[in-house]
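Here's a quick tour for anyone new to looking at protein models. Have the structure open and follow along.

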Protein chains: 2
Amino acid sequence: MISGKNYIGNKQSSKGTKTYRTFDPNLNLATEWEFYEASTEEIDEAVALATKAFSEYKNFSGLKKAEFLRAIADEIEALGDALIQAYTKESGLPEGRAKGERGRTMGQLRAFAALLEEGSWVEATIDEAQPDRQPMPKVDIRKMLVPIGPIVVFGSSNFPFAFSTAGGDTASVLASGCPAIVKSHPMHAGTGELVSSAILKAAEKTGMPNGVFSNLNSSGIEVGQQLVMHPDIKGVGFTGSIKGGTALYKLANERKEPIPVFAEMGSINPVVALPSALNEKGEEWAKQYAGSIMLGAGQFCTNPGLILGLKSETFSNFITTLGTEISALSPGVMLHPNIHQGYEKGKQNLSSQPETSVVASYEAATAPNFAQQKVLKVSGGDFLKNPTLHTEVFGPFSIVVECNDAKELETILNALEGQLTGTILGNAEEIKNYGGVVDALQSRVGRIIFNGVPTGVEVCPSMQHGGPFPASTDSRFTSVGTSAIKRWVRPVSFQNWPQESLPDALKDANPLGLTRIVNGLHSNAKLK
Amino acid sequence: MISGKNYIGNKQSSKGTKTYRTFDPNLNLATEWEFYEASTEEIDEAVALATKAFSEYKNFSGLKKAEFLRAIADEIEALGDALIQAYTKESGLPEGRAKGERGRTMGQLRAFAALLEEGSWVEATIDEAQPDRQPMPKVDIRKMLVPIGPIVVFGSSNFPFAFSTAGGDTASVLASGCPAIVKSHPMHAGTGELVSSAILKAAEKTGMPNGVFSNLNSSGIEVGQQLVMHPDIKGVGFTGSIKGGTALYKLANERKEPIPVFAEMGSINPVVALPSALNEKGEEWAKQYAGSIMLGAGQFCTNPGLILGLKSETFSNFITTLGTEISALSPGVMLHPNIHQGYEKGKQNLSSQPETSVVASYEAATAPNFAQQKVLKVSGGDFLKNPTLHTEVFGPFSIVVECNDAKELETILNALEGQLTGTILGNAEEIKNYGGVVDALQSRVGRIIFNGVPTGVEVCPSMQHGGPFPASTDSRFTSVGTSAIKRWVRPVSFQNWPQESLPDALKDANPLGLTRIVNGLHSNAKLK
């Protein structure tokens, strides 16, 4: 069922000569599936088809695009066990996770469908003419968001469903009215091919133009670079490492026409444990955080990699319990030997910093590719002086920092780079009493959490997943939640435009029943 | 009254040794005012003050910031004739224009004040908790826009009020909750100093923190570069040339932490004259366009530099009338000898292209710095082949292109770079009949106009002033109209945050009475 071929629009294609295999980290063996790296010719074909498809697809109604997105969810589900088996084989992640993530992915597609069906996301804004205004008459101007063109999506390794082929980036791209070209993640190319087949089946069933979606295989960086540099590509979505994301961002800015790159990259997700939290339920938090650090073998962009507290007996107790709890958990298998090697290297690098001491380190033998968890401890002063300790280790790893006082804690937070999330454990009174700490944390993050764990990213309109650089390349946009659609559109104003030729969203009669901004105020009324 | 000094926060300062003067283009003489170029020390002081001011200013209520903006408008008006005289002297523009532009500038400040008073611009978005949701409980998440930090504003030469010291960029920056550091435009540094004094008087009267605004003089590029590279600067607004804007954009992307640069740069603002427009009122359009090309000596970013039509007798008649009408108008003085030289050079360059012929060329002698208007003609085929003809000549200049048919017209539009505006002259029926032409034009522009002239940019919520690169560096944002505030903010999500510590915009009780998105739908209700 998995052919190893690219999808150039709805046609399978294997013109390239280079091939590669995916890997089963549990068996520690390559899979039986061989993938054909996309050739330059195939890249150009996919972009040409997408450009052609765009001229039609961009004008499709929200209802029609919603039908497509709902059909994709249905077709993914229809792939049944074959898809779940490919996922677990290529990622090492368990079946329960596979099914949960599939549900989330279908939920994302349906959430964007619902957004399109409601329709107000286009931010229709109308200012009516005032022909008698003094000293100059006012013209009629109406603005709405329109799609920008073919988009390249780079999926992430750690969410083979939810942030890959039909994940949040692709769903938001297709919802916006832009065609998507996915640069398939080489670690789950088989899963990606199956999901691609579901997307293309849905496209055919719902009458989408050929080229609205393509899937290109690649195990190296050249295919991605060629796509980003192609003059007909108008934007890029990426989830992965700071190194990879920054490289694509720089490349896109060197184009004759620079294009936006929305890269969701690294984060150590600082957690601040204030005294009341530790006094009242320190043991419970230690247990929850041991679980959060270990979740999915630590392979989450929201993994809590930094826990800060004020030096005290209760904080010491918390650290001890965290160490005991995390040591009692069983290591999980990582996605791929490369990721496991990266984890070991990062862990070694931080462990070898002389200022650190060990809180917990799982040392018992494991099967290949399993991640042995580790927690280090360091003083606030030492942490501040050594930027190596601020870097992300992707896996079940965290550093606990003992600060002398709130001032030092605040200084440390102000010295951190941008983060996806920040968390405060405490009580409502402490949010006020530690105002400087909370303010410093908020200035560094896209999402600030009170009394919770950062892992678990809700897909909803109010979610901000993206923070100041280098957490993401553009902190003004999110890659999770329905606002993610805003990355692929731009506003266009229509001045003095005839009613009959205006897009439906901007017509006086408001045929779509949208909430619009009319003469400066929200309204869902028709204009007289 | 004009000292030539910088404003570092509310203190005048002249630590630099380099000085320069502004210029009166009507007298063709330097003014009596001497300006002190800002030193590195002064730059650092201004940024440090802005950073300190930000920690306080970012938390000010919309009402308090609105009071500040309204006070700025009042203080600008209170400067009276002294300000108008400095403006006309340093720009050569007439008093009527000065007063009109002052009114527009005050109108912009008050429009942002009104936006803040209404308050819904922060896009408050609330998703309530669902503790009983299966398979996992849903947490409470609330999102709103927050300001990003100190911003540098580079004013434009051609709008000494409306796009300079207290212009749309500064007004939107201050409205957003960010401090503004203006890199004063060297051609109207005296006007800028006076306007700065008004801003600072307003800041004092309304209790704003020192450093919320600074004004730095500079006649070269070093001060601007230092500002853009300063690690505590978080964004840049720029209006000017493609060369200048692109250089700042590239510089900002080379920073360790890249920052957004919103540069509104060049545009030739294509106009498509369809047959019915020429048949029905060709003479009237010719007259209107002659006026639009000549408006403000052609020194508008929306100046119509390219007029396209289908080869025919009526189009020939239109061209002849346009030539007659524009030849009958009197040249205007340009802002500065450098701008006049740039105009002459650009005009020569395009006139020397062998494919062109002259429609109109004002040749009579003028006083120094006056811009002699010129209109060229070229065939569609020749225009397509020669990209030099696609470049902007800043001044009273335009090219008329005779196309063989609609297909050639469409091909030309698709070959153009991004533009601020595009215009269709015709009737409603032709918008449908020339669908390909209209579609190609729309894909290239930020604002599409029907039966009008591109000059004249209304300040309102539905205005999009900014188009695909190189019209601007980020087509997703506008520099005119109240949406310009969106450039200086980013969303932050608050997860499970206590009511009492949430920003007012996100509280259950909705104390600001905002329109918010609650559980996916617009609502201005309190939450129970």
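**How the copies meet**

Of the interface residues of chain A, 100% are also interface residues in chain B, so the copies meet through the same surface. Keep in mind that this is a predicted model.

**Symmetry**

- In general, you relate two copies of a chain by a rotation about an axis plus a shift along it.

**Aromatic pairs**

- Count over all chains and you get 27 aromatic pairs.
- Take B:Y57 and B:F68: their ring centres are 6.3 Å apart and their planes sit at 90°, so this pair is edge-to-face.
- B:Y57 belongs to helix 1 (residues 40-57) of chain B and B:F68 to helix 2 (residues 62-78) of chain B, so the pair ties together parts that are 11 residues apart in sequence.
- Buried or exposed, what is B:Y57? B:Y57 counts as buried, at 0% relative accessibility, and B:F68 is buried with a relative accessible area of 0%.
- Ring pairs also link up a cluster made of A:F262, A:F477, A:W488, B:F262, B:F477 and B:W488.

**Charges over rings**

- In chain A, look for A:K281 over the face of A:W285, 4.7 Å from the ring centre.
- In chain B, the charged end of B:K64 sits over the ring of B:F60, 4.8 Å from its centre.

Notes. Residues are numbered from 1 along each chain as its sequence is written. Chains are lettered from A and ligands numbered from 1 in the order in which they are written. This is a predicted model: local features need pLDDT of at least 70, side-chain atom pairs count only at pLDDT 80 or more; totals for chains, interfaces and linings use all residues. Side-chain values use heavy atoms; hydrogens and water are left out. Contact means heavy atoms within 4.5 Å. Rings of Phe, Tyr and Trp (its six-membered ring) pair if their centres lie within 6.5 Å; planes under 30 degrees apart count as stacked, over 60 as edge-to-face and the rest as tilted. Helices (H or I, at least four residues) and strands (E, at least two) are DSSP runs, numbered from the N terminus. Buried means under 20% relative accessible area, exposed over 50%, partly exposed in between (1.4 Å probe, protein chains only). A charge sits over a ring if NZ of Lys or CZ of Arg is within 6 Å of the ring centre and within 35 degrees of the ring normal.
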